[in-house]
Amino acid sequence: MHLWDTHDIHNQVDELRDYHLLQSDPALQDALRRVGAQAWWPQLDAYAQTLGQPATWALAEQANRHGPQLQRFDARGRLDERVDFHPAWHGLLALYRQQGLVGLPFDTAQPGRFSAWAAGFYLHGQVEQGTLCPATMTTAAIPLLRREPALWAQVQAGLFSRSHDPRDVPLAEKTALWVGMGMTEKQGGSDVRANTTTATPLGTGGRGGAYRLRGHKWFFSAPTSDAHLVVARVAPDDGIGCFWVPRWRPDGTRNAIRILQLKDKLGNRSNASSEVEFQDAWGLLIGEVGRGIPTILEMASQTRLNCVLGSAAMLRTATVQALAYARQRQAFGQSLATHGLMRSVLVDLALESEAAMTLGMRLAQAFEHDAQPLERSWKRILTPAAKFWVCKRAIPCVAEAMEVLGGNGYVETSVMPRLLREAPVNSIWEGAGNIMCLDVL
Ligand SMILES: Cc1cc2nc3c(=O)[nH]c(=O)nc-3n(C[C@H](O)[C@H](O)[C@H](O)COP(=O)(O)OP(=O)(O)OC[C@H]3O[C@@H](n4cnc5c(N)ncnc54)[C@H](O)[C@@H]3O)c2cc1C
């Protein structure tokens with residue numbers, strides 16, 4: 001007798017793993033039409049198709065199931081500090097990069113560019129979230145870096161690159177660059193003024209000058225990025241500065257950024273987040289001494305928009321899966337979706353999902369038009385407000401969608417547990433909820 005001889009399998013519904021992420025989303029299509037972003041339509045359409053295919057869902061699953069591992073030493077005991085990722089991680093980064101999304105808001109003046117970028121980010125985030133972390137930070141670093149002409153000349157091509165170069169080699173050899181950010185220290189993350197890491201000038205110092213950084217960061221995501229923008233106190237006057245701290249020094253030696261360990265996180269498991277120590281690391285001052293916090297907060301303003309879009313993306317995936325399941329699964333003689341109570345659940349999810357996406361897309365437009373005073377003011381208030389609301393709401397909404405799948409939603413073969421583990425992070429990083437409230441005030 002075979003196991004499957006005891007019963008027929010019926011009324012079990014497969015998760016949706018092959019659908020077109022843009023063609024199935026009329027609200028997103030409307031959002032793109034409203035801002036005249038049609039020029040990017042063919043590219044977004046093709047990307048949405050690729051993302052929605054089983055092979056891409058499989059990459060997302062693998063990258064999260066087989067998270068990064070820190071190899072501190074090589075086989076002969078030499079310090080190595082390599083982070084090994086599953087090939088699926090690199091596959092997903094390559095997919096994102098091929099779309100030109102990292103530089104899109106800044107490498108053209110074409111109207112609708114921020115909306116096209118936001119749509120691409122939102123589509124990618126529906127399938128995999130961890131890769132959005134390096135993507136977000138790299139894009140957000142661009143406006144800061146292009147104000148530093150000498151550095152910009154060295155990094156522009158790598159930042160706008162449409163390829164992914166996973167090699168851990170000096171900057172000059174790289175065809176594509178990733179950039180992270182380092183603010184949070186052990187004694188306080190929200191209060192960046194409490195930072196104790198110091199930067200001492202190696203020469204005369206000042207904007208564009210070289211410094212020696214000593215101290216630590218308690219959270220330092222994507223630690224093998226080609227560089228991080230790091231906040232530190234500048235000796236001797238103690239003003240806070242923001243520094244470009246590359247993984248490799250210009251002389252071709254590895255910079256003194258010791259990766260102590262990787263965080264064992266609830267979610268966001270495909271992405272590496274680390275604890276690091278700067279043991280006289282080499283860095284260049286970005287902007288002026290004393291302007292370190294406003295400089296890094298300019299970067300955080302962009303990353304907060306990304307948090308909104310990322311949470312809206314999770315909400316969309318959860319809603320799509322819940323709807324697809326409820327339409328096919330039968331209970332008490334009819335499909336779940338036709339039961340009155342279930343319809344209320346699904347309608348609430350769909351409404352909240354669409355609202356979150358619409359707010360994120362509208363906010364992206366304000367970033368594009370922030371030379372206009374009204375748009376700039378709107379962006380200033382709505383960025384923290386939207387981050388507070390959408391990122392917090394994504395958590396119970398994903399849980400609600402999970403429940404629509406019943407027991408199947410709770411099992412790791414479903415995408416739902418990954419989404420539920422992932423959801424809280426957007427509410428915490430880049431400023432937690434209370435900090436967003438204070439920011440609005
Ligand atoms: C997975 C992950 C990756 C991360 N990656 C990075 C990274 O790459 N780079 C980086 O710099 N940081 C990173 N962070 C750190 C993150 O930005 C901080 O955790 C966050 O800003 C909060 O800082 P904290 O943990 O020190 O909490 P705290 O500052 O101690 O805050 C704790 C709580 O108190 C609240 N609070 C603080 N001050 C007030 C106040 N005045 N009034 C009322 N409530 C208040 C906060 O809202 C929060 O809820 C990462 C975090 C996570 C979880």
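Which residue forms a salt bridge with Arg65? Select Arg65 in this predicted model and display its side chain: the partner is Glu61, with the closest N and O atoms 2.5 Å apart. Both residues belong to helix 3 (residues 54-65), where they are separated by 4 residues, about one turn of the helix. Glu61 counts as partly exposed, because its relative accessibility is 27%.

Next, select Asp80, Arg82 and Asp84, which are linked in a network of salt bridges. A search of the whole structure finds 29 salt bridges, and two further examples follow.

Move to Asp165 and Arg167, whose side chains meet in a salt bridge at 2.8 Å, N to O. Asp165 counts as buried, at 5% relative accessibility, whereas Arg167 is partly exposed, with a relative accessible area of 40%.

Then select Arg214 and Asp280, which form a salt bridge with their closest N and O atoms 3.1 Å apart. Arg214 lies in strand 5 (residues 210-221) and Asp280 in strand 9 (residues 273-286), so this pair ties together parts that are 66 residues apart in sequence. Asp280 is partly exposed, its relative accessible area being 31%.

Finally, select helix 9 (residues 340-368) together with helix 10 (residues 373-404). Their axes come within 9 Å and cross at roughly 155°. Angles over 145 degrees count as roughly antiparallel, and helix 9 and helix 10 are therefore roughly antiparallel to each other. The crossing of helix 9 past helix 10 is left-handed. Coloured by residue class, the contact of helix 9 with helix 10 has 17 nonpolar, 2 polar and 6 charged residues.

Terms used
Residues are numbered from 1 along each chain as its sequence is written. This is a predicted model: local features need pLDDT of at least 70, side-chain atom pairs count only at pLDDT 80 or more; totals for chains, interfaces and linings use all residues. Side-chain values use heavy atoms; hydrogens and water are left out. Axes are lines fitted to C-alpha atoms, for helices over the stretch in contact, and angles run from 0 to 180 degrees between N-to-C directions. Helices (H or I, at least four residues) and strands (E, at least two) are DSSP runs, numbered from the N terminus. Angles under 35 degrees count as roughly parallel, over 145 as roughly antiparallel, 65 to 115 as roughly perpendicular and the rest as oblique. A crossing is left-handed if the near helix is turned anticlockwise from the far one by less than a right angle, and right-handed if clockwise. Ala, Val, Leu, Ile, Met, Phe, Trp, Tyr, Cys and Pro count as nonpolar, Asp, Glu, Lys and Arg as charged, and the others, Gly among them, as polar. A salt bridge is a side-chain nitrogen of Lys or Arg within 4 Å of a carboxyl oxygen of Asp or Glu. Buried means under 20% relative accessible area, exposed over 50%, partly exposed in between (1.4 Å probe, protein chains only).
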